[in-house]
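Please walk me through this structure. Take it one region at a time, in short steps.

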Amino acid sequence: MKIVIAGAGEVGTHLAKMLSKEDHDIVLLDDNEEKLNNISSMLDVLTVIGAAISVSDLKETGVQHADLFIAVTPYEERNIVACQLAKHLGAGKTVARIDNQEFLFPQNREYFASLGIDELIYPEHLAAKEIVTYLKQTSTRLIHEFSGGKLILFGVKIRSNNKIVGKTLRELAQDKDEFRAVAITRESETIIPHGDDKILVGDIVFFVSNPTTVPSILEKAGKKKFEVKNVMILGGSRIGMKTAMRLGEHFNVKLIEQDKARSLKVAEKANKALVIHGDGRDMDLLKTEGIDQMDAFIAVTGNSETNILSCQLAKKVGVKRTIAEVENIDYIDFAERIGIGGVINKKLLAASYIYRFTLNAEVSHVKCLTASDAEVLEFIVKKDSLVTRKAIHELSFPENATIGGYIRQDQGYIANGDTKFVEGDKVVVFTLPSALKKLSKFFK
C-alpha cells in the first residue's frame, strides 16, 4: 500500500515508524528539513520537503497514486485542505487530524465526506475518552470495550498476595466459555500464553471476557473496585480540558493550570470543574487543595516527567487511582513498573485509529496497548474468508497471535479451538507485531 503522511510531528512520526516495519510504501511530507533528515536516518521512508497545502509538493509525494493520505500537521485547517487537495489529485482514502469535537458529530462527518475527507481523528478527544474509561473501571490497568461492551479487554497487575500467583492459565480458566487470558506482559516482554503458562508476581495479564464475568475475574485476582468521586487534574491542556468537560457534574473535579490565560479558558469551557491557577508541581499547593482527599489524580501536562513524578507523589499521599499522560514512549514501561494505574499516549491512540485503514481485511477497531508491545484488532468476517472454512484449531493461526472472542448477532462469546466463524462475525484478535502481516489472509 502507498501511504502519504503530511506532518512529521509526534503523531506523524510515530505512524511512519509503525508502518515502515511492514510492507508499505511510506512518504512523509513536512516543511522542516532538519526534522525530515533525522527521521530518514532512522526509518526506511521517503521524505519530501514541502507544504501539505501545496499542490506541487503533494504531487511530488506521488499522492495521486496513494491508497491512503493522512494529514496530521498541528493545524486543523491545513489538514482539512490537504485532504481535499489529496482527494482531488487522486488519493484513495483520506484522514485528517482535527481539534474541534463538533466535526465528529454524525451530520458534520457526512459534510466532510462530501468534501473528500473520509475520516476525522481527534487524538485529544480519544485520550480524554480513555481517561474517563479508566476512572469508571478502577481495578484494572487497561480496559477496552468491543461492540459497545459485548466483549471486554482488560489488564490486571499481579501482586505477591494474589491468589492466582503460580496457577496455570488452564487452572485459572476452568470455564472457557466465560473468559480467556490472551497475553502476559512480563519484565517488559509480551508473550502470547498457552494453557501451561503460569502467572507470576509482577505480570500484567490481559483478559478477554463477557462483561458479566469481569467482576468474577477481578475477585479471583484480588482486585477490589472502588468508586471515584473526587478527581484532581494537573494541567489545562486540551486533554485536561476535554477530560474535565466529559466528567461533568457526575464528579467533583479540581483542575490546576499554571498559565493564567489558559486557566481562564478552561474555566469557561469546563464550567462544572473548579479551576485553580497555580503550579501543580508545588506540593504545598496540592495539599492545600486537598490532594489527600482525592479518589483519582490525573496528570496531563505537556511534560511526561512531570506527569510521572506528580502521580508518584499522589500515590504517596494515598490517592488510589493515578493516570499519567506519557508521550515519551521510552518512559511508558517505567511508568507501568512504578505502579501508575493508567498511562495515556495520544500517539498510540491515533495510531490505533488510523492503522486499521492499512490492512487488507476489514477491521472495525484497533487498539495499541500502552502496557504492551502488542495490538488488539476487531476483524469483520467476510463471506468465504479462510476463518469460515475451518475451526480455529485447524487454521494454523500465527504463533504470536490468538483469538480471544467474537461478537455474533449482538452477543459476545469467548472463542475456543472448536469455534468456526460465519460471515458478519466480529473477531477480537490479540497479536504481536511479528504476526500482523499474516493475519489479513485469514479474514480477507
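Ser-385 sits in the loop between S19 and S20. The model is a predicted one. Is Ser-385 buried or exposed? Its relative accessibility is 0%, so Ser-385 counts as buried. The side chain of Ser-385 has a polar atom 2.9 Å from the backbone oxygen of Lys-382. Beyond its neighbours within four places in sequence, Ser-385 is in contact with Phe-442, Phe-443 and Lys-444.

Asp-384 is not a glycine, yet its phi is positive, at about 65°. The relative accessibility of Asp-384 is 51%. The cut-off for exposed is over 50%, so Asp-384 counts as exposed. Ser-396 is found in the loop between S19 and S20 as well. Ser-396 also has a positive phi, of about 55°, although it is not a glycine. With a relative accessible area of 66%, Ser-396 is exposed.

Phe-442 was named above as a contact of Ser-385. What does the ring of Phe-442 pair with? A search of the whole structure finds 10 aromatic pairs. One of them joins Phe-397 and Phe-442, with 5.0 Å from centre to centre and 55° between the planes. That geometry makes the pair tilted. Phe-397 belongs to the loop between S19 and S20, while Phe-442 belongs to helix H15 (residues 436-443), so the pair ties together parts that are 45 residues apart in sequence. Phe-397 and Phe-442 are both buried.

Other rings deserve a look. Phe-103, Tyr-111 and Phe-112 make up one aromatic cluster.

Now turn to the open sheet. It is formed by 6 strands in the order S3-S2-S1-S4-S5-S6, and the pairing is parallel. Which strands stand at the edges? They are strand S3 (46-49) and strand S6 (119-121). Each has a single partner strand, so one side of each is left without a neighbour in the sheet. From one strand to the next, the twist averages 15°.

Look inside the sheet at one pairing. Strand S1 (residues 2-6) and strand S2 (residues 25-30) run parallel, joined by 5 bridges. Ile-3 has Ile-26 as its bridge partner in S2. Helix H2 (residues 33-42) packs on the sheet and touches S2 and S3. The direction of H2 makes about 175° with that of S3.

What does the side chain of Glu-119 make a polar contact with? The partner is the side chain of Tyr-353, at 2.9 Å. Leaving aside neighbours within four places in sequence, the residues in contact with Glu-119 include Thr-94, Val-95 and Ala-96. Arg-109, Arg-356 and Phe-357 are also among them.

Helix H1 (residues 10-20) is mostly covered, with 8 of its 11 residues buried. Among the buried residues of H1 are His-14, Leu-15, Met-18 and Leu-19. Val-11, Gly-12, Ala-16 and Ser-20 are on that list too.

How many of the 8 residues of strand S9 (residues 179-186) are buried? The count is 6, so S9 is largely enclosed by the rest of the structure. S9 pairs with strand S11 (residues 204-209) in the antiparallel sense, over 6 bridges. Here Ala-183 has Phe-206 as its bridge partner in S11. S9 also pairs with strand S10 (residues 189-191), antiparallel, over 3 bridges. In that pairing, the bridge partner of Thr-185 is Thr-190. S9 and S10 form a hairpin with 2 residues between the strands. In this hairpin, Glu-187 takes a positive phi near 50°.

Key
Residues are numbered from 1 along each chain as its sequence is written. This is a predicted model: local features need pLDDT of at least 70, side-chain atom pairs count only at pLDDT 80 or more; totals for chains, interfaces and linings use all residues. Side-chain values use heavy atoms; hydrogens and water are left out. Buried means under 20% relative accessible area, exposed over 50%, partly exposed in between (1.4 Å probe, protein chains only). Helices (H or I, at least four residues) and strands (E, at least two) are DSSP runs, numbered from the N terminus. Rings of Phe, Tyr and Trp (its six-membered ring) pair if their centres lie within 6.5 Å; planes under 30 degrees apart count as stacked, over 60 as edge-to-face and the rest as tilted. A polar contact is a pair of N or O atoms within 3.5 Å; within protein, one must be able to donate a hydrogen and the other to accept it, and residues adjacent in sequence count only if both atoms are side-chain atoms. Contact means heavy atoms within 4.5 Å. Two strands pair if DSSP finds at least two bridges between them. Axes are lines fitted to C-alpha atoms, for helices over the stretch in contact, and angles run from 0 to 180 degrees between N-to-C directions.
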